[in-house]
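Reader: I would like to learn how to read the packing of helices and the nonpolar cores in a model. Could you take me through them with the case below?

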Amino acid sequence: MDAWKFYDITHRHHVVCNPSSRDKLEALVGLLRLAPRSRVVDIACGKAELLIRTVESYRADGLGIDLSPFFVDQAKARILDLELDDDIDVKLMNGADFVPDEPRSFDVASCLGASWIWDGHAGTLDALIALTKPNGWVVVGEPYWLQEPPSDYLQAEGLTHDQFGTQLGNIEVGEERGLELVHVLVSNQDDWDRYEGLKWAAAAEHARACPDDPDLAELTDRVALEKSSYLRWGRDTLGWAIYVFRLRA
């Protein structure tokens, strides 16, 4: 099954395509206090909710990068509907391939939940720092272990123990690179349950509406496995936070 089709179906009801809430996203935008026409880039922007809220709050210039043709099309449609198409551009491409016209030319560089693009949290921070002006904002969303992950959970999810760090470890990786931690927005179990539950509901709706979908068996099997893994182990094992760093001059 095409990966982007899978995510399009399972994230159909998500506005924020990660385990953060809308309130936490709004709190993040409020922390930035940007001047008008500040430049903002969001790598793996999903449906561009962070960019939309930032541009609406500050009249910033936004650029989104995402690999999902479904999310990019949905983001562009909403941006057009909100008449923000002069302020936000969304490109269909791999964030790792993005090269700005000028290095270190963005006031905000963010990536929420796609550190695999740069092989992990440290590589993501290095890439975002290279995009950010002195005194600019580097914002990352990253999982972390709440406890020692059970081997059965790692096997079920295809994860390795060293794929994620601890909450403190994620912060220290940024500080080692000269970043100042300004705030951490930690997702609670309600945030996680909503994020996961919306996927289950969307998959069930798709199964009822599209019984002839040739990918339906694979979709339902995968969602069932992910649901079982989350309820058995993931809910108590994996955390999620948005780390708001500032790049020192």
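Reader: Which residues in α2 meet residues in α3?

Author: In this predicted model, Arg22, Leu25, Glu26, Leu28, Val29, Gly30 and Leu32 in α2 meet Glu49, Leu50, Arg53, Thr54, Ser57 and Tyr58 in α3.

Reader: At what angle do α2 and α3 pack, and how far apart are their axes?

Author: Two packed helices are described by the angle between their axes and by the distance between those axes. Here helix α2, residues 22–32, packs against helix α3, residues 49–58, at about 45 degrees, and their axes are 10 Å apart. That angle makes α2 oblique to α3, and α2 passes α3 in a right-handed crossing.

Reader: Which residues have the most contacts inside the largest nonpolar core?

Author: In soluble globular proteins, nonpolar side chains tend to be buried together. The largest nonpolar core in this model has 38 residues, and those with the most contacts inside it are Leu28, Ile88, Val90, Val139 and Ile242. Helix α3 gives the most to this core, with 5 residues. A second, separate core has 26 residues, including Ile117, Leu131, Tyr144 and Leu179.

How values were computed: Residues are numbered from 1 along each chain as its sequence is written. This is a predicted model: local features need pLDDT of at least 70, side-chain atom pairs count only at pLDDT 80 or more; totals for chains, interfaces and linings use all residues. Side-chain values use heavy atoms; hydrogens and water are left out. Axes are lines fitted to C-alpha atoms, for helices over the stretch in contact, and angles run from 0 to 180 degrees between N-to-C directions. Helices (H or I, at least four residues) and strands (E, at least two) are DSSP runs, numbered from the N terminus. Angles under 35 degrees count as roughly parallel, over 145 as roughly antiparallel, 65 to 115 as roughly perpendicular and the rest as oblique. A crossing is left-handed if the near helix is turned anticlockwise from the far one by less than a right angle, and right-handed if clockwise. Contact means heavy atoms within 4.5 Å. A nonpolar core is a set of buried Ala, Val, Leu, Ile, Met, Phe, Trp, Tyr and Cys residues joined through side-chain atoms within 4.5 Å. Buried means under 20% relative accessible area, exposed over 50%, partly exposed in between (1.4 Å probe, protein chains only).
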